[in-house]
Amino acid sequence: MGILSILTALAAVTITFLGSTAADVPPAAAAAGSPSPWATGRGAGGWDEAYTKASEFVGQLTLVEKVNLTTGTGWEADVCIGMTGSVPRLGFAGFCLQDGPLGVRYTTKNSAFPAGINLGATFSRRLMRLRGEAMGEEFRGKGIDVQLGPAAGPLGRVPQGGRNWEGFSPDPYLTGIGMAETIQGIQSRGVIACAKHYILNEQEHYRGSISVKIDDRTMHELYLWPFADAVRAGVGSVMCSYNKIHGDYSCENSWTTNYLLKNELNFQGFVMSDWGAQHTTLGSALSGLDMAMPGDGGAPPYRSLWGGALTEAILSGTVPQWRLDDMVVRIMAAYFKVHTGAFASRPAPNFSAWTNASVGPLHPSSNSTWTVVNSFVDVQSTHAALIREIGAKSTVLLKNTARALPLHSLLKSLAVIGRDAQNIPGGPNACSERACINGTVAMGYGSGTAEFPYLVSPATALQLRAAADGAAFTNAVANWDLEAARGAARGKDVAIVFATATAGENFVVVDGNAGDRNNLTLWDNGDALIRAVAGVNNNTVVVLHTAGPVLVEEISKNPNVTAILWAGFPGQESGNSLVDVLYGVVNPQGRSPFTWGKDVKDYGAELLFQAPDPRKPEQSFDEGVFIDYRHFQKAGIEPTYEFGFGLSYTEFDYSGLKIVVQNSTAGATVPSQVVAHGITEPAPTYGTVNKNVTANVAPEGFKKLVPYVYPWLSSANVSLARTGSSSPSTATNGSAQPVLPAGGAPGGNPGLYEVLYTISAKIKNIGKVAGTEIPQLYVQLGGEENPWGVLRGFDEVVLEPGETKTVTFELTRRDISNWNTTSQNWEIGNKEKVVFIGQSSSRIRLNSTLPVLPGLLWRSYD
Ligand code: NOJ
């Protein structure tokens, strides 16, 4: 490439940045005009080989074969929740995409794993990874190519967010690790993971129309952060979300997809739309969408925005061939990335998402091709044991007075009270999409669900345990019959009362809650039930199965409530996991992945329930990076229980904080990758496009299914007049492009992940029983603009009584940097920085200022 074009390319970038006068306004306008970055896998750890294979494969494809792999065949057109077209000539079947983040949805003989929020509560990389692997095995066993999870959006800006529980935590660091471990686990089993919903899909109300305004720094430091971890972990696909960002739909948003995800984060996989989140043919293609799901939903003749419509756009030249080739090579690279070694083969789907009968239509939307669609392959393996372990180790012990817990075998009597403890009438899947609360709640509702193979209710598990101990057992549903509840609780050694507050996706409404929770109180009379039971029994244990925080201030202060446990959404082994914790088989080690406020107002950020103009809902994330504990700390609001908090049956002592500088030559910013190789190659194309119209229509005699989506032109007479002339010419420009300063490799500039400090401390178990401590590292970056502290490390430390271990945290450059909106780069600020090690975000046991890195000048700000 000539020097002139390099300079022109660089100049374009410079203008972009100088053009954004307000420092925190994203360079959206300029980004919208930039071409969608093309991926080549080169220098992108772990992708090279996949790209070699993918480019060879794509090079053999005709235009319609390529288009076929980019477009879903339509809603319920095939056996999976989403399926692309295939390449019959090469014996390559379409991609099968299936929900969801906690297990295989819409099938049988699968496991129902604990929800993401429970994995957040484990603060355990080990369990996150193991669950990912186990889920990957199950998806593969069903013949699925892409698991539609894990989720980092919503992150959890507001506690009522309907789908927060599908993800890990409102803390981006914890979520980022949850994403990376889960993705690596899933993909290690030959299944492509999907990081969703990208991005800012923070609420269910108006999710398909709301336009979110956000400043560039908050985007980077909060919402984009876990997606960066996902990309760095090698995630094969990303799902763009329903909402708009700064006026443009997420799946048509050049800033978020082209600029942030594909350029800055150097994402090498493919972007698929959420179901129906694509809105235009051209806008989506040029803004970086690679796969349209479920593929239908457009005007005649194609009834799809892509399929034949995309073929037309290519032939007319409105979408350049390199853009289509980039879509397909990304899709195929993700495929080849996971199909290696023992997972080189590719089993076909052996289930139908749309029927549980053995025989059914292969193409339900056209009710055609009846055959055996369900082989009922049992994929559960020994995952129940892992599910039980995660259920127990994600349970957070919030209160335990007078050693009420663990319970012991000498108990003479116990009462279990509340609908949330009970078997679900009609079986665990009696309510479709888990959209009810007529028994124990072990997952939220909507597409983030799976069918339960079985569900061990707390009542069943506790009854078994009581029987084994010879204790009298009383079980009462009684949520609204408080007299019956009191009767059951009175005189018992312990009364265990259960309550729930569920949440989910907005296509189902449960008890008036359209996905998002209307409030943070317990459902189904839960608060009154707990009050009634505690009124007659001074050893009342409260168990909560909730989607997130509920208001428990009053309960926490009630002296007759001796213990409170948050069990979250623990999945199929719910009762067994709980019994393990209640009886001390597992010493509780869960830590709250969110803050428990005393009032919904305490959270600061608000959910938009009623837009002033419902046709144009808008929201500005003005609270910036201050959500959850960061807001509570800034506003000086005392929560009932803080982020990171959880009790154990033993106690731990912290000592010996040690900080070692690992890089004594670090400057404020990492040398940009741009310096060395800051220009991409021109957009590659693979194979040639046969421009002959007749080569791109359906073969003669081919009998199309209706309403199946095909890649062919509707007829040989279509006019290929160039449309979309309004598209910025830069968006179709395939010449070499500059790499952003913060980019250069998946997850961003690799230098961001360089370890600058190691920080260690000694942890001792000073109690009488073995236990696991979750030490947490928080960093104060300094200055008003930064939170009091942000989570930047945690570990799972197993300790016998009297045992001491050293825990070591690694602090990377990214961990102590802020996003500089002007230079569009991460930068270590000049304020004094402090590290805290503790048992939660406020129970700090050790602290120290971070030694100044040579070459950087730090000053105290207060
Ligand atoms: C919409 C949901 O938002 C998404 O999470 C899911 O994967 C798709 N529907 C497919 O069910």
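Analyst: A starting term: pLDDT is the predictor's confidence in each residue, from 0 to 100. This is a predicted model, where local features need pLDDT of at least 70, side-chain atom pairs count only at pLDDT 80 or more, and totals for chains, interfaces and linings use all residues. Residues are numbered from 1 along each chain as its sequence is written, and side-chain values use heavy atoms, with hydrogens and water left out.

User: What does the protein average in pLDDT?

Analyst: The average is 93, and 94% of the residues score at least 70.

User: Where does pLDDT stay under 50?

Analyst: Over residues 1–25. The model has 23 contacts beyond four places in sequence for that stretch; contact means heavy atoms within 4.5 Å. Where pLDDT is low, the predicted coordinates should not be read in detail.

User: OK, the ligand. Which residues come nearest?

Analyst: Asp99, Arg163, Lys196, His197 and Asp274, out of 14 residues around the ligand. "Around" here takes a heavy atom of the residue within 4 Å.

User: How does that shell divide?

Analyst: Seven charged, five nonpolar and two polar. Charged covers Asp, Glu, Lys and Arg; nonpolar covers Ala, Val, Leu, Ile, Met, Phe, Trp, Tyr, Cys and Pro; the others, Gly among them, are polar.

User: How far is an oxygen atom of the ligand from the side chain of Asp274?

Analyst: 2.6 Å, to an N or O atom of Asp274. For Arg163, a polar side-chain atom lies 2.7 Å from a ligand oxygen. For Lys196, the distance from a side-chain N or O atom to a ligand oxygen is 2.9 Å.

User: How much of the ligand's accessible area does the protein cover?

Analyst: 95% of the 300 Å² that the ligand has on its own. Those areas come from the Shrake-Rupley method with a 1.4 Å probe.

User: New topic. Is Thr122 buried or exposed?

Analyst: Thr122 is buried, because its relative accessible area is 0%. Buried means under 20%, exposed over 50%, partly exposed in between (1.4 Å probe, protein chains only).

User: What does Thr122 touch?

Analyst: Leu127, Ile390, Lys393, Ser394 and Ile774, leaving out residues up to four places away in sequence. Thr122 sits in helix H5. Helices here are DSSP runs (H or I, at least four residues), and strands are too (E, at least two), numbered from the N terminus.

User: Which helices do the buried residues of H14 pack against?

Analyst: H5 (116–122), H6 (125–141) and H19 (574–582). Ile390 and Lys393 are among the buried residues of H14.

Terms used:
A polar contact is a pair of N or O atoms within 3.5 Å; within protein, one must be able to donate a hydrogen and the other to accept it, and residues adjacent in sequence count only if both atoms are side-chain atoms.
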